[in-house]
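Here is a quick tour for anyone meeting this structure for the first time. Take a look at the model, then read on.

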Amino acid sequence: MLTRIAKEFHWEMAHRLPLHMGGCQNVHGHSYKLWVELDGEPDSHGMVMDYYDLKTIVEPLVKQLDHSFLCDRSDELMMRFFHENTLKVNYVDFPTTAENIAVYLLRQITIRLRESQNVPVKRLCVRVHETERTYAEVSQEF
Ligand SMILES: [Zn+2]
């Protein structure tokens with residue numbers, strides 16, 4: 001029977017949206033929450049995927065983002081700042097909205113899931129909460 005499993009992850013991260021007309025153009029941070037959902041047929045051990053294996057795949061991505069600044073390479077002001085200051089930063093080629101972060105994480109997790117063998121996953125869904133009341137969600141069929 002098609003079954004869904006899910007695991008929750010957290011990290012703290014700063015960002016800004018330089019072209020935003022409101023407060024989001026300022027440097028600020030969020031306590032991000034990530035839900036990773038996998039749909040699949042449970043194997044002979046009754047598992048879609050071992051939660052431990054899912055954590056092994058996702059946790060390094062979250063650790064890399066945690067307590068960093070997520071910097072859009074087109075943000076010249078912040079690019080200059082991080083060129084002159086050694087702080088934890090991750091560079092990306094997109095505006096750092098929850099929507100784009102969800103797509104980024106979906107792609108990263110998809111690559112790692114495809115490298116794992118014998119994972120009977122039919123669908124991956126990634127939901128990124130920027131706040132308790134807002135999230136962006138993307139999914140990928142396998
Ligand atoms: Zn924000």
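At what angle do α1 and α3 pack, and how far apart are their axes? Keep in mind that this is a predicted model. The angle comes out at about 140 degrees, and the axes sit 10 Å apart. That makes α1 oblique to α3, since only angles over 145 degrees would count as roughly antiparallel.

The residues that make this contact are I57, V58 and L61 on the α1 side, and L105, Q108, I109, R112 and L113 on the α3 side. As for handedness, α1 and α3 cross in the right-handed sense.

## A closer look at α3

Helix α3 covers residues 98–115, which is 18 residues.

Which residues of α3 are buried? They are I101, A102, Y104, L105, L106, I109 and L113.

## How β1 pairs up

Now for the strands. β1 (residues 3–15) runs antiparallel to β2, and 13 bridges join the two. β1 also pairs with β3 (residues 68–72), this time in the parallel sense, over two bridges.

Notes. Residues numbered from 1 in each chain as written. Predicted model: local features only at pLDDT ≥ 70, side-chain atom pairs only at ≥ 80, totals over all residues. Helix = DSSP H or I, 4+ residues; strand = E, 2+ residues; numbered from the N terminus. Expected span 1.5 Å × (residues − 1). Buried ≥ 20, exposed ≤ 12 C-beta atoms within 10 Å, placed from the backbone. Pairing = 2+ DSSP bridges. Axes fitted to C-alpha atoms, helices over the stretch in contact; angles between N-to-C directions. Parallel < 35°, antiparallel > 145°, perpendicular 65-115°, else oblique. Left-handed = near helix turned anticlockwise from the far one by under 90°. Contact = placed C-beta atoms within 7 Å.
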